[in-house]
Amino acid sequence: MAQIIDGKAAAGRIRDLVKDDVDKFRSVTHRTVGLATVLVGDDPASEVYVTSKRRLSRQAGIEDHHRRLSADAGQDEVAAVIDELAEDDAVSGILLQLPLPKHLDSKALIDRIPWQKDVDGLTTTSAGLLARNAPGLRPCTPLGILALLRAEGIDLSGVSAVVVGRSELVGKPLAQLLLQQNATVTVTHSRTRDLATVTRTADIVIAAAGIPHLIGAEHVKAGAIVIDVGIHRSANGLIGDVDFEAVSPITSRITPVPGGVGPMTIAELLRNTIQAAKIQT
Ligand code: ADP
């Protein structure tokens, strides 16, 4: 019987640690820790995410600097807000909520965030620091996955990890972090031939393709660990990239959706925010 990996509990423990760290930082440096969330437009899913990021930040003692722009805000207007936050000493981290409205150039706007405040780890500089294994801020979801595996006592050295998906946000940085932990890493994507043959070789399968129930029983070898990054609304509530019902009996451990990787992503955002504050002092 598979063991269900409790991301909610692990995330709660990380947030408690962050809160202690924020308290200590404030008493030692006499400075506050602040997170600026920038939301452009009124995408309902983005609104939900930003609201919970702000709520959990405040609970960890992080000051809330929220900026809301209308859906028709121009490139220069958004850039000016980011520049202002970049200059503001009370702002430790800047989070530009994605996706942005289509008329905006996301990459250019992300790259206006100084790497020291890049709590999503998505700027070109942060990507370069990750590629070079140099100190910097890493993307939150990959950090959350590694923290979850660490909390489970899983040693990644030498294990075969297959990452399904090569996005800038998840798959690509995750593959780099797993490599740094000495895993043997394979990355699959939309052009991969015979996905199941590849994923069946894995000790750990990490599904981050953004396709509901892409991973079925035929994709997983007996006793494997399965991490599900997907989150999709369906008639039966939230579901992942993994067909949990079919896959979980085969695995040794598996993350649920919701309550797996999702809460870990926000916990790592908070950890990146205190980390950013330290980098800046
Ligand atoms: P994410 O939320 O993980 O960043 P994206 O939608 O940005 O999701 O990226 C989806 C990724 O999943 C892409 O890299 C794409 O190549 C990959 N992908 C899509 N379909 C498949 C598939 N059938 N098998 C493996 N990978 C896939």
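The legends below accompany close-up views of a predicted model.

**View A. The two domains of the protein.** In this predicted model, the protein is divided into domain 1, which covers residues 31–115, and domain 2, which covers residues 140–262. The C-alpha centres of domain 1 and domain 2 lie 29 Å apart.

**View B. The second largest pocket and its lining.** The second largest pocket holds about 290 Å³ of space, and of the 18 residues that line it, those closest to its centre are Gly 136, Arg 138, Leu 143, Asn 272 and Gln 275. Three helices, H6 (140–151), H7 (171–180) and H10 (261–279), each supply at least two residues of this lining, and H10 gives the most, with five residues. Sorted by class, the lining of the second largest pocket consists of nine nonpolar, five polar and four charged residues.

**View C. The residues around the ligand.** There are 14 residues around the ligand, and among these Arg 166, Ser 167, Ala 208, Ala 209 and Ile 211 come nearest. The shell around the ligand is made up, by class, of eight nonpolar, five polar and one charged residues.

View D. A polar side-chain atom of Ser 167 lies 2.5 Å from an oxygen atom of the ligand, whereas Ser 190 takes part through a polar backbone atom, which is 3.1 Å from an oxygen atom of the ligand. Ala 209 likewise has a polar backbone atom 3.4 Å from an oxygen atom of the ligand. On its own the ligand has 580 Å² of accessible area, and the protein covers 67% of that area.

Notes:
Residues numbered from 1 in each chain as written. Predicted model: local features only at pLDDT ≥ 70, side-chain atom pairs only at ≥ 80, totals over all residues. Heavy atoms only, no water. Domains from an automatic or database assignment. 1 Å grid on protein atoms, 1.4 Å probe; cavity = no way out; pocket = protein on both sides within 12 Å on 5 of 7 lines; lining within 4 Å. Points joined across faces, edges and corners; volume = space filled by probe spheres on them. Helix = DSSP H or I, 4+ residues; strand = E, 2+ residues; numbered from the N terminus. Nonpolar A, V, L, I, M, F, W, Y, C, P; charged D, E, K, R; others polar. Near = heavy atom within 4 Å. Polar contact = N/O pair within 3.5 Å; in protein donor to acceptor, adjacent residues only side chain to side chain. Areas by Shrake-Rupley, 256 points an atom, 1.4 Å probe, with all protein chains shown as cover.
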